[in-house]
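Here is my note on the model you sent. Please read it with the structure open beside you.

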Amino acid sequence: MEQSPPGSFRSEITGPLYERERSAGYVRRNTPLSRESSPEGVVGAVLRLVGDAGRYVIGQTVVVDGGWTTH
């Protein structure tokens, strides 16, 4: 089974990537939603899996990447 992590989002580690317009533009152009995310952008998926809505889920790959892996 192929697994995909969350897409690129602004964080302490990736901050320098977003400070340069060229690299930030690359990320935006190659993300179908055409915008960057943040750690807060994955909160909904995490809450769904750890809350009552996910109580019957025992294994799942949730792709939270703004569409990055669609192309």
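**Notes on the predicted model**

1. Start with the salt bridge. Glu21 pairs with Arg28 in a salt bridge, and their closest N and O atoms are 2.4 Å apart. The cut-off for such a pair is 4 Å, so this contact qualifies. The count for the model is one salt bridge. Keep in mind that this is a predicted model.

2. How exposed are the two partners? Glu21 has a relative accessible area of 53% and is exposed. The cut-off for exposed is over 50%, so Glu21 passes. Arg28 has 28% relative accessibility and counts as partly exposed.

3. Next, the overall fold. The chain has three helices and zero strands. Read from the N terminus, the order of elements is α-α-α. Helix H2 covers 21-29, and helix H3 covers 43-50. Of the 71 residues in the chain, buried ones make up 20%.

4. Which residues make the nonpolar patch of about 560 Å²? They are Val43, Val46, Leu47, Leu49, Val50, Val57 and Val62. Take Val57 as one of them. Val57 sits in the segment after helix H3. Val57 is partly exposed, at 40% relative accessibility. A patch residue needs over 30%, so Val57 clears that cut-off.

5. Then find the largest pocket. Its space comes to about 190 Å³. How many residues line the largest pocket? The lining has 14 residues. Nearest the centre lie Arg35, Glu36, Ser37, Asp65 and Gly66. By type, the lining divides into five nonpolar, six polar and three charged residues.

6. Val42 lies in the loop between helix H2 and H3. Is Val42 buried or exposed? Val42 counts as buried, at 16% relative accessibility. Val63 belongs to the segment after H3. Val63 is partly exposed, with 41% relative accessibility. Val42 and Val63 are 21 residues apart along the chain, and their C-alpha atoms are separated by 9.5 Å.

7. Val63 has another pairing to check. Ala45 is 18 residues away from Val63 along the chain. Their C-alpha atoms are separated by 9.0 Å.

8. Finish with Pro39. Where does Pro39 lie? Pro39 is in the loop between H2 and H3. At 36% relative accessibility, Pro39 counts as partly exposed. Pro39 and Phe9 are 30 residues apart along the chain. The separation of their C-alpha atoms is 6.8 Å. Trace this pair on the model, then go back to the loop that also holds Val42.

Definitions and conventions: Residues are numbered from 1 along each chain as its sequence is written. This is a predicted model: local features need pLDDT of at least 70, side-chain atom pairs count only at pLDDT 80 or more; totals for chains, interfaces and linings use all residues. Side-chain values use heavy atoms; hydrogens and water are left out. A salt bridge is a side-chain nitrogen of Lys or Arg within 4 Å of a carboxyl oxygen of Asp or Glu. Buried means under 20% relative accessible area, exposed over 50%, partly exposed in between (1.4 Å probe, protein chains only). Patches are made of residues with over 30% relative accessible area and no salt bridge: like charges are joined within 9 Å, nonpolar side chains (Val, Leu, Ile, Met, Phe, Trp, Tyr) within 5 Å. Accessible areas come from the Shrake-Rupley method with a 1.4 Å probe; for residues, only the protein chains shown count as cover. Helices (H or I, at least four residues) and strands (E, at least two) are DSSP runs, numbered from the N terminus. On a 1 Å grid over the protein atoms alone, a cavity is a set of points where a 1.4 Å probe fits but cannot get out, and a pocket is an open set with protein on both sides within 12 Å along at least five of seven lines; lining residues have an atom within 4 Å of a point. Grid points are joined across faces, edges and corners, and a volume is the space filled by probe spheres set on the points. Ala, Val, Leu, Ile, Met, Phe, Trp, Tyr, Cys and Pro count as nonpolar, Asp, Glu, Lys and Arg as charged, and the others, Gly among them, as polar.
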